[in-house]
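Open the structure in your viewer and keep the selection tool ready. The stops below say what to select next and what is there.

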Amino acid sequence: MSFSDSDSSSGTGDYKNFRQISRERLLYEMLRSAKMKDSKSTWKVLIMDKVTVKIMSYSCKMADITSEGVSLVEDINRRRQPLPLIAIYFIQPTEKNVSMFLTNMAGRTPLYKKAFVYFSSPISRELVAHIKKDSTVLPRIGALSEVSFLSFRLVIVFEAICVVQTSHIVCCFIFLLIIELSVDAELFFLGWHMQMNLEYFAIDSQGFITDNGKALEDLFGDEESTRKGDACLNVMATRIATVFASLREFPFVRYRAAKSLDPTTMTTFRDLIPTKLAAGIWNCLVKCKSIPNFPQKETCELLILDRSIDQIAPVIHEWTYDAMCHDLLNMEGNKYVHEVPSKAGGPPEKKEVLLEEHDPIWLELRHAHIADASERLHEKMTNFVSKNKAAQLQHGSRDGGELSTRELQKMVQALPQYSEQIDKLSLHVEIAGKINRIIRDQGLKELGQLEQDLVFGDAGMKDVIKFFTTKEELSHENKLRLLMILAAIYPEKFDGEKGLNLMKLAKLPPDDMNAVNNMRLLVPPSDSKKSSAGAFSLKFDIHKKKHATRKERSDEQETWQLSRFYPIIEELVEKLSNGELSKDDYPCMNDPSPTFHGTSQAASIHEAPVAHSMRSRRKPTWARPRDSDDGYSSDSVLRHASSDFKKMGKRIFVFIVGGATRSELRACHKLTGKLNREVVLGSTSLDDPPQFITKLKLLTANELSLDDLQI
């Protein structure tokens with residue numbers, strides 16, 4: 001969620017979206033409140049950097065901050081004038097930020113009269129020493145005199161939010177803690193006193209990202225340069241560690257091991273990405289043990305994967321309401337723009353809404369098949385109209401008899417509630433209708449059936465060739481996505497002229513071939529070396545079943561067509577939960593004598609003893625949508641979540657390097673209920689198909705950068 005005083009914000013975290021009190025107005029109010037001896041005479045300013053403002057914008061609105069007593073939000077990198085305020089710094093522990101902070105607070109005329117500094121991740125001893133050297137700054141810094149107070153309060157608050165609304169991380173409650181601090185509190189210069197451990201971005205009640213949007217490019221692109229890749233993994237490891245530090249979880253760290261086809265094959269940097277990240281996370285977690293109340297024994301499980309584990313999930317059409325909204329409606333983040341009638345009677349006005357978990361209808365329907373969502377929305381509208389008197393009047397469903405005074409009074413009382421509820425229902429009815437029209441106009445049902453048949457081995461190359469020759473009206477993007485699925489299943493069929501012939505048959509521009517060719521960079525070593533002889537022909541399907549990349553699941557009863565597909569992580573998480581995940585393919589970093597696959601360099605980065613337990617902890621459940629029969633709202637999460645605390649097993653965290661998909665996020669929600677364990681998905685980014693395709697094209701386009709493109 002973005003910083004905004006309404007639900008119409010974009011979620012970009014841009015300062016231009018903030019509604020701030022002007023400096024002149026702020027000074028006037030300060031003087032007025034001081035003169036009137038108002039209780040709000042202690043005003044506060046919040047200073048953040050580019051990363052921390054984005055962290056906050058994912059978690060709360062501007063109204064949440066101002067309600068906790070913050071009157072002004074400023075950018076640490078912008079020039080500011082002195083104000084007689086208490087300053088709250090929430091910044092990354094970088095040399096640049098620390099220098100800027102010292103410049104703000106040093107000298108005879110500091111910018112603010114007192115500063116409380118909180119870093120988003122661990123601060124180095126060198127930077128702490130740098131702060132301590134400035135004798136003019138030390139008296140102007142306020143901090144906690146009791147470190148356990150902050151740690152204890154953060155844990156309690158976080159667990160409470162896990163019950164209430166887990167997508168809103170502790171950000172909007174941090175200020176409650178800060179504001180309670182005394183400005184005369186004794187200063188302690190220990191790293192954890194100044195550290196918030198909030199350098200991740202909540203995208204969902206069971207999902208987070210580290211905001212490494214260029215990870216695919218940096219890690220899977222240029223094999224010659226590993227400097228950018230190592231830097232990317234270091235940032236990633238630090239941010240992932242802050243997730244476990246803030247949740248007070250200590251994981252078993254498992255990862256996909258690098259494999260070589262034979263002893264003479266050299267392991268590449270791409271092969272070692274999960275191994276290197278696991279080592280980086282482990283080193284950060286070892287340092288977390290100095291945090292008060294941090295567990296000394298493993299409390300959960302973490303599985304580290306990369307995008308090569310499943311190349312089909314990012315491009316196949318996912319048929320849930322959530323995925324189709326983001327795939328087909330050109331949304332910017334979670335922002336949907338639609339037209340509403342003008343109150344002044346003029347032309348329709350554009351209105352922005354956020355499709356997020358604060359909306360109970362979205363919460364209930366987001367993981368439903370689009371056909372199911374459409375049916376349930378129709379039922380909700382029918383039920384609502386039949387039960388609501390004001391709705392009946394509006395829709396002319398009553399007879400023409402006179403209304404009693406009591407009935408009129410009830411009607412008037414119902415109108416405000418009716419207006420709000422019917423607006424929410426109408427919004428989703430409009431969205432579902434728009435999606436269904438796109439599905440019909442673009443012929444997506446037939447395309448989706450072919451995609452699923454390819455994945456399950458029920459169709460092959462000749463079916464795709466026939467489809468291209470008979471469906472010339474298919475859009476370029478959908479043709480490209482179909483070819484990418486084909487390349488993931490039949491990589492050998494895209495060698496040389498054979499691949500070019502397929503592109504010509506699909507009538508795609510040459511630059512789209514980059515996306516198909518770059519699929520090879522995401523192929524695991526055991527698959528990338530496969531080759532096939534023979535020229536391009538229509539006779540590739542004699543043994544098509546052997547090309548299936550998914551097996552039918554006998555335990556799954558799908559009601560709707562096109563719901564067979566499931567991401568690979570669903571199988572992996574189930575095996576992990578049941579203790580069936582291969583320790584050779586997915587070794588554990590916590591194992592005192594782990595078996596490493598790959599180079600000796602990979603083995604040398606494992607360094608840390610096995611942890612020992614000193615305590616246990618309860619595990620709050622992540623919110624799950626509930627069915628509703630009132631025609632409007634889903635059942636309240638609050639009523640049910642707390643009763644599930646002690647029933648849930650240890651959490652499972654899955655982290656995917658290179659971008660996660662909405663089908664994988666859906667799978668985590670599904671598995672939480674199925675396994676009775678909270679399954680949390682983390683990734684470098686959450687990518688919809690157009691975003692993933694753009695990133696894939698850039699892997700070998702050295703002259704371009706992701707920063708140059710508007711996705």
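A residue is called buried here if its relative accessible area is under 20%, exposed if that value is over 50%, and partly exposed in between. The model on screen is predicted.

**The whole chain**

Begin with everything selected. The chain has 711 residues, and 54% of them count as buried. Its secondary structure comes to 26 helices and 12 strands. Among contacts with a separation of 6 or more, 80% are between residues 24 or more positions apart.

**Aromatic rings**

Next, show the aromatic side chains; the structure holds 10 aromatic pairs. Select Y200 and F208, whose ring centres are 6.1 Å apart and whose planes stand at 75°; planes over 60 degrees apart count as edge-to-face, so this pair is edge-to-face. Are these two residues buried or exposed? F208 has a relative accessible area of 7%, which is under the 20% limit, so F208 is buried. Y200, at 5% relative accessibility, counts as buried as well.

Then select Y89, F101 and Y112. Ring pairs link these residues into a cluster.

For a ring with a charge over it, go to Y566. The charged end of R550 sits over the Y566 ring, 5.9 Å from the ring centre.

**Helices α9 and α10**

Select residues 227-247, which form helix α9, and residues 273-288, which form helix α10. How do their axes lie? They come within 8 Å and cross at roughly 45°. That angle makes α9 oblique to α10. The crossing in which α9 passes α10 is right-handed.

Now show the side chains between these helices. On the α9 side, the residues that meet α10 include L233, M236, I240 and F244. On the α10 side, the residues that meet α9 include I273, L277, I281 and L285.

**Helices α16 and α18**

Move on to residues 444-455, helix α16, and residues 476-489, helix α18. Their axes are 10 Å apart, and the helices pack at an angle of about 10°. Angles under 35 degrees count as roughly parallel, and α16 and α18 are therefore roughly parallel to each other.

The residues of α16 that meet α18 are L444, L447, L450, E451, L454 and V455. Their partners in α18 are N478, L482, I485, L486 and I489.

Select D359, in the loop between β10 (349-354) and α12 (360-365). D359 has 4% relative accessibility and so counts as buried.

N330 is not a glycine, yet its phi is positive, about 55°. With 73% relative accessibility, N330 counts as exposed.

The last stop is N676, in the loop between α25 (662-675) and β12 (677-683). What is the phi of N676? The value is near 60°, which is positive in a residue other than glycine. N676 has a relative accessible area of 37%; this lies between the limits of 20% and 50%, so N676 is partly exposed.

Technical notes:
Residues numbered from 1 in each chain as written. Predicted model: local features only at pLDDT ≥ 70, side-chain atom pairs only at ≥ 80, totals over all residues. Heavy atoms only, no water. Phe/Tyr/Trp six-rings, centres within 6.5 Å; stacked < 30°, edge-to-face > 60°. Buried < 20%, exposed > 50% of the residue type's maximum accessible area, 1.4 Å probe, protein only. Lys NZ or Arg CZ within 6 Å of the ring centre and 35° of its normal. Axes fitted to C-alpha atoms, helices over the stretch in contact; angles between N-to-C directions. Helix = DSSP H or I, 4+ residues; strand = E, 2+ residues; numbered from the N terminus. Parallel < 35°, antiparallel > 145°, perpendicular 65-115°, else oblique. Left-handed = near helix turned anticlockwise from the far one by under 90°. Contact = heavy atoms within 4.5 Å.
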